[in-house]
Amino acid sequence: MAEKGTLLPQRGLAWPGLARPSPARRGVGLSRERAIFEFLSKCVVTMSELKQAIADVPDFPRPGILFRDISPLLRDHFDATVQALDALLTQQEWRDIDALAGIESRGFILGAALSIRRNKGFVLVRKQGKLPPPVVDVAYDLEYGSGVLEMQRGQGRLLLIDDVLATGGTMTAAADLCERAGYDLRALAVLIDLKLVPTYSWRNLPLRAAIHY
């Protein structure tokens, strides 16, 4: 059963809280809301079904942590997942992006798929020691530890993507790293926002998420 929302034509799809674009907004470019609406009108999988495909794994990777495993989602609905992420940006916003930066490791899967779909470049944000020098690095705190991210210097306008936002430590570190490495960060996106941080943003860039908890 789909989550509560506006019923879309033909396919019976719903996006919570999303109504048809108003007449005043038509013809004024493709808004993000319109992009999401058009994606859903062509999709054969509801957002509720995508969310239900995510497995809850308690006490992993350590006691007290509830892990959201996207493996079943990618296995059964990979194309619909990539489409949902694609719809987070308008057509104009996509035109203003040169490359996607994926955060190791599931951000690689999602970012590479979107890069192919949109004919964009792909930049690696890796854990310490995985990239050949020279690299730029940044240390950060995790929900259950600490780490160091690295990337090679470059330039261009980036969309930074990861699979999930929990406390925001990894996303913030990766965003800082992109700037330090010479890139112009234009957008932040995740597949899942756990809503542990109610309204996460980085330097006035709001987070975009396909699935919310």
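A nonpolar core is here a set of buried Ala, Val, Leu, Ile, Met, Phe, Trp, Tyr and Cys residues joined through side-chain atoms within 4.5 Å. In this predicted model, the largest such core holds 30 residues, of which Leu50, Leu85, Leu159, Leu191 and Ile211 touch the most other members. Helices H2, H3 and H5 and strands S9, S10 and S12 each supply at least two residues of this core, and H3 gives the most to it, with six residues. Apart from this core lies another, of 29 residues, among them Ile103, Tyr140, Met151 and Leu205.

Among the contacts of Leu191, not counting residues up to four places away in sequence, are those with Leu73, Leu85, Leu110 and Ile211. Helix H3 lies across strands S9, S10 and S12, and runs at about 140° to S10.

The sheet is open and built from eight strands in the order S7-S8-S6-S5-S9-S10-S12-S11, with mixed pairing. Its edge strands are S7 and S11, each of which pairs on one side only. Strand S11 is joined to S12 by two bridges, the two strands running antiparallel, and Ser201 stands opposite Pro206 in S12.

The residue ranges of several elements are listed below.

| Element | Residues |
|---|---|
| Strand S7 | 136-142 |
| Strand S9 | 157-165 |
| Strand S10 | 184-193 |
| Strand S11 | 201-202 |
| Strand S12 | 205-212 |

Not counting residues up to four places away in sequence, Ala139 touches Gly147 and Val148, while its C-alpha atom is separated by 7.2 Å from that of Ala173, 34 residues apart along the chain.

Notes: Residues numbered from 1 in each chain as written. Predicted model: local features only at pLDDT ≥ 70, side-chain atom pairs only at ≥ 80, totals over all residues. Heavy atoms only, no water. Pairing = 2+ DSSP bridges. Helix = DSSP H or I, 4+ residues; strand = E, 2+ residues; numbered from the N terminus. Contact = heavy atoms within 4.5 Å. Axes fitted to C-alpha atoms, helices over the stretch in contact; angles between N-to-C directions. Buried < 20%, exposed > 50% of the residue type's maximum accessible area, 1.4 Å probe, protein only.
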